[in-house]
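Subject: Structure handover

Hello,

I am passing this structure on to you. Please have a look, then read my notes below.

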Amino acid sequence: PWLAPYPPTEQVLANRLLPPLSAGHGLGTDELGRDILSRLLYGSRITLSIALLAALIVVPIGLGIGTLAGYAGGWLDKLLMRLTDIALAFPRLVLALAFAAVLGPGIENAVIAIALTSWPPYARLARAETLSLRHSDFIAAARLQGASHSRIVLRHIMPLCSASVIVRLTLDMAGIILTAAGLGFLGLGAQPPSPEWGLMVASGRKVLLDHWWVATVPGLAICWVSLAFNLLGDGLRDVLDPRQST
């Protein structure tokens, strides 16, 4: 059967560059005779883990900086927003490449590099939400009851800002996945023989003209997963903000 399971790193040079739907290899094999379907399935755990771990780091950083700047105002707001503007001035992928080159190749360093370059939009969004909330009546009532500034930010403002940030995150997951795949493609993410999608595309570019499936299959997987996150973000936006539903 062409869906027979194979270890993702098993090399069988006699079966190298088999086309899709070959015996035992539903999506063909790569230049080392490794089953592409098996590598694609195992590689999804690596690529999505990098993206999800980066998202778990990005959201608290962006939400914390944005709510602090919007609630405090004054010089602290100006300082944090100027730092955010500086971070936004650099293209995300270029800045991630710089951090990954300094930290060194590897999955953990790729997560850190993506997180360090992805937080500014969330800080901007959280600050805008905080500015619209900090003069609300329920915030004034909380102050009159003796609530501290930290309690107001953590218990009242941050939960109300979380919905917009989560929607932005799901819409931005496609960019995070592409950045993770780009780092792998350039050799700054997961290292061989890990079946990471960007690394699979990089290995297939050498035989792209004659054996298109080696690079095309992981490229299509990146495209479909990115599209799925975009559709998820649209759905969450309609659920969390009924005013924008169509």
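The space inside the largest cavity is about 40 Å³. The structure has 1 cavity of 30 Å³ or more. Keep in mind that this is a predicted model.

Next, the second largest pocket. Its volume is about 160 Å³. Here α7 (149-185) and α8 are the elements that give two or more residues to the lining. The largest share comes from α8, with 4 residues. In total, 16 residues line the pocket. Nearest its centre lie Glu31, Arg34, Pro192, Leu199 and Ser203. The lining of this pocket divides into 8 nonpolar, 4 polar and 4 charged residues.

Last, the surface. A nonpolar patch there is formed by Trp75, Leu79, Leu83, Ile86 and Phe90. Together these residues have about 580 Å² of accessible area. Where does Phe90 lie? Phe90 is in the loop between α2 (74-88) and α3 (92-103). Is Phe90 buried, exposed or partly exposed? Phe90 has a relative accessible area of 47%, so Phe90 counts as partly exposed.

Best wishes

Conventions: Residues numbered from 1 in each chain as written. Predicted model: local features only at pLDDT ≥ 70, side-chain atom pairs only at ≥ 80, totals over all residues. Heavy atoms only, no water. Patch = residues over 30% accessible without salt bridge, like charges linked within 9 Å, V, L, I, M, F, W, Y side chains within 5 Å. Areas by Shrake-Rupley, 256 points an atom, 1.4 Å probe, with all protein chains shown as cover. Salt bridge = Lys/Arg side-chain N within 4 Å of Asp/Glu carboxyl O. Buried < 20%, exposed > 50% of the residue type's maximum accessible area, 1.4 Å probe, protein only. 1 Å grid on protein atoms, 1.4 Å probe; cavity = no way out; pocket = protein on both sides within 12 Å on 5 of 7 lines; lining within 4 Å. Points joined across faces, edges and corners; volume = space filled by probe spheres on them. Nonpolar A, V, L, I, M, F, W, Y, C, P; charged D, E, K, R; others polar.
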